[in-house]
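I open this notebook to record what I looked up in the structure below.

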Amino acid sequence: MLTFVALASVLLLGIVPEQTEGIAIYTGWERHALLGSDIRLSCSFFSWRMTSEDVTFSWTYRPDGSRDSISIFHYGGGVAYVDNKGPFRDRVEFVGNPSRRDGSILIKNLDYNDNGTFTCDAKNPPDIVGRPSSVRLLVFEKVPIQAGVITGAIIGVVLGLLVLIVVIYYLMRFLVARRVFSLSVSKHGKKKKEGSQARQGPVPPADPTKVKAAASEKKKQESRKDKK
Amino acid sequence: MLLILLGVLIMHLVILILLIVSTAASAWSVGGDMSTDLWYNCMTSNGGYHCKPASSEDWIQAVQALMILSLLFCFFSLIVFVFQLFKLVKGGRFFFTAIFQILASVFVMCAAIIYTVMSPDDGSVKFGYAYVLAWVAFPLSLISGFIYIVLRKKE
């Protein structure tokens, strides 16, 4: 009984403070785009409350090097209001889904003047306490390759080739030893083996393991005979 | 014989250390108060040391990849050398060790060549110690690889 009360109180204490956590808004950190292309700026939020019908999203824009923000988008009361006077007139489109907590916008035909910081603020009444989140837009003439992509690709390819070669080498040796492959090379191999036993080990890594492979094969054959 | 073995091992370790320092230190190009490449562009100015990540151009990334690969292959060849030292048949040659070491030297050569050709021509910017170490590591590792081809395990 006491343990039940203890557990229940822990659960209640655990839940109640979290309901006062506030709303958490997520956008990207930085977006790169090509001149003249379209970019989708995503904004979503997390809230302990159910998504209300009065959920609002607002986007503001602050150009690089300026201190003033201008509001470019607002969604409220089920209606989306886009910029019809400012720098983004006729270029903003609402592509989000408020019932799924998605307040993303699409900005079309980017220009160098669109470099700047876009801030998304979402409110989910009664959960309205939260920090707006910002995403920085960088417009390029040619999108630069991210650091480390080519490095990782080269390293991955070379190491992959190495692993492949080693696997193929051991596979070929295994198959030749098992006599699955009856290559014409095997005749030369046999001649080489007889010739080499007169001298001493021409291909050193091969010899001890070939002996081992032959020995293990003999053991397998013996065990098969025993089973029969 | 033990002396030769020790000498070869020490040479291999020296090459490994050269490769580590050359790859890790960001001092392929130095000039005045700045030292750049392979990973950071660092500048001492106004009593501070400011670093920002190196430019992510394709040739710098290729040099990074080749240096890391040569370091890995040199390390693999060291492990394979120790392995083959105990497992090799008497009188056998250290082929795998030699192959890895020669591949490492080829990669260092490629990295150094790419850097030499593609680094921007600036009057005040000279090549730094990490660049020199890379060029030193290339012939050393090639010689070490050839030594491993010639070396035979003693009866």
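**Entry 1: cores.** I began with the largest nonpolar core, which has 34 residues; such a core is a set of buried Ala, Val, Leu, Ile, Met, Phe, Trp, Tyr and Cys residues joined through side-chain atoms within 4.5 Å. Buried stands for under 20% relative accessible area, exposed for over 50%, and partly exposed for what lies in between (1.4 Å probe, protein chains only). The residues with the most contacts inside this core are Leu19(B), Trp28(B), Val63(B), Met67(B) and Phe73(B). I noted that H2 of chain A and, from chain B, H1 (2–24), H2 (58–87), H3 (95–118) and H4 (129–150) each supply at least two of its residues. H2(B) provides the largest share, eleven residues. Helices (H or I, at least four residues) and strands (E, at least two) are DSSP runs numbered from the N terminus. Another core, of 26 residues, lies apart from this one and includes Ala33(A), Tyr61(A), Ile72(A) and Ile105(A).

**Entry 2: basis of the values.** I record that this is a predicted model, in which local features need pLDDT of at least 70 and side-chain atom pairs count only at pLDDT 80 or more, while totals for chains, interfaces and linings use all residues. Residues are numbered from 1 along each chain as its sequence is written, chains are lettered from A and ligands numbered from 1 in the order in which they are written, and side-chain values use heavy atoms, with hydrogens and water left out.

**Entry 3: chain B.** I found four helices and five strands in chain B, in the order α-β-β-β-β-α-α-β-α from the N terminus. Of its 155 residues, 44% are buried. I then looked up Ser22(B), which is found in helix H1 of chain B. Is Ser22(B) buried or exposed? Ser22(B) counts as buried because its relative accessibility is 0%. Not counting residues up to four places away in sequence, Ser22(B) touches Trp28(B), Met67(B), Ala130(B), Leu133(B) and Ala134(B); contact means heavy atoms within 4.5 Å.

**Entry 4: where the chains meet.** I read that 17 residues of chain A are in contact with 22 residues of chain B. The area buried between them is about 1,600 Å², and carbon and sulfur atoms give 75% of it; buried area is the accessible area (1.4 Å probe) that two parts lose on being put together, summed over both. On the chain A side, helix H2 (residues 149–177) gives the most, with nine residues. By class, that side has 13 nonpolar, four polar and no charged residues. Here Ala, Val, Leu, Ile, Met, Phe, Trp, Tyr, Cys and Pro count as nonpolar, Asp, Glu, Lys and Arg as charged, and the others, Gly among them, as polar.

**Entry 5: salt bridges.** How many salt bridges does the structure hold over all chains? I count five, a salt bridge being a side-chain nitrogen of Lys or Arg within 4 Å of a carboxyl oxygen of Asp or Glu. Between chain A and chain B the count is zero. Arg40(A) is partly exposed at 40% relative accessibility, whereas Asp102(A) is buried at 18%. I also noted Arg91(A) with Asp114(A) (2.8 Å, N to O); Arg91(A) is buried at 14% and Asp114(A) is buried at 2%.
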